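Morning, everyone. I will take the side-chain contacts in turn. Here is the model.

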Amino acid sequence: MANLDNVLSIDVECVANGLGHNDRAPCLVAIVDGHGRVLLRRSIIVEGGITSYLTPVTGIKEGDLVDAHPFDVVLAEVHAYFSPETILVGQGIASDIKWMHLEEGTHFQKAVDLAEHFKAWHPRYNRFNHFSLNHTATTLLDHAVTAAHEAHDPADDALWSIMLYREYVLQPKKLDAARNKLLRTRAQPSVAKLLDYQCDGVCMAKFYKAKCICGQE
C-alpha cells in the first residue's frame, strides 16, 4: 500500500445566500487524513445572511451554527494541515479547493478527483456516466453509509473519499470491475431531484437547465 501520510480529503458544505443555484456560501468544513482520522470539523460564519440552510441536503438547521467561527479563522486552520507534499482527494474536489482558497504547489502537489476515476463508459448511450459520491460509496464500500435521500456530514464524505481512494484508486486493477458494478446498480434519486430542483425557493438546478428557475449560468 502506498504511503498515506501525505494524503488528505477535504469536504465543504454550503448553505444558500441567495435564490440562484450559484448563490452558495461555505458553512461547514471537514478534513480527514489518509488513515481515516477526522482532523478538523469546523462550522463557519456566513456573512451577509442565510437565505436557506438547504436542510434536506446539508442536514443543517437554524441554530446549528451557533458555534461557528469567522471564515478567515477557519481558513487559517484549514491551511495549517496542508503542504506542497499533500495529495488531495475528493469528489468534485475543484469546488472544495475553490471554497478553501487552496493553491496547487503551495497547499498540495496534486488533486485526485474520484469522479474522474470512477466514471464509466455507457455503450448504450455512447457517453461516460459520472456517479455521485453517495452512489459510489453505497455500491462499493462494505460499510453502512447514509442513504442518498438523507443528509450527511462533510466528515462522512471526506472519509468515504479516503476509503474509495485506498480501496480502488491505489489498486487500479479493481477499477474496471468497480465501474461495471456502478453501471449495473440503480442509483437512488438525488435530493435535488426529489425536491424538483428547488428548496425554500432556492434553485438547485445548476446541472439541469430544464429545471432552472433562476436563470444563472
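One definition to begin: buried means under 20% relative accessible area, exposed over 50%, and partly exposed in between, with a 1.4 Å probe and protein chains only. This is a predicted model, so local features need pLDDT of at least 70 and side-chain atom pairs pLDDT 80 or more, while totals for chains, interfaces and linings use all residues. Numbering runs from 1 along each chain as its sequence is written, and side-chain values use heavy atoms, with hydrogens and water left out.

Aromatics next. Rings of Phe, Tyr and Trp (its six-membered ring) pair if their centres lie within 6.5 Å; planes under 30 degrees apart are stacked, over 60 edge-to-face, the rest tilted. There are 3 such pairs in the structure. One of them is Trp121 with Phe128, edge-to-face, 5.0 Å between centres and 80° between planes. Trp121 is partly exposed at 41%. Phe128 is partly exposed too, at 39%. Another pair is Tyr197 with Tyr208, also edge-to-face, at 4.9 Å and 80°. Tyr197 is buried at 15%, whereas Tyr208 is partly exposed at 36%.

Back to Phe128. What lies over its face? Lys119 does, 4.6 Å from the ring centre. The criterion is NZ of Lys or CZ of Arg within 6 Å of the ring centre and within 35 degrees of the ring normal.

A salt bridge here is a side-chain nitrogen of Lys or Arg within 4 Å of a carboxyl oxygen of Asp or Glu. Lys119 is partly exposed at 22%, and Glu116 at 41%. The whole structure has 8 salt bridges. Among them is Arg41 with Asp153, at 2.5 Å from N to O. Arg41 is in strand β3 and Asp153 in the loop between α5 and α6, so this pair ties together parts 112 residues apart in sequence. Helices (H or I, at least four residues) and strands (E, at least two) are DSSP runs, numbered from the N terminus.

Last, the core. A nonpolar core is a set of buried Ala, Val, Leu, Ile, Met, Phe, Trp, Tyr and Cys residues joined through side-chain atoms within 4.5 Å. The largest has 25 residues, and Phe118, Leu164 and Tyr165 have the most contacts inside it. Helix α6 gives the most to this core, 8 residues. Apart from it lies another core of 18 residues, among them Ile10 and Val78.
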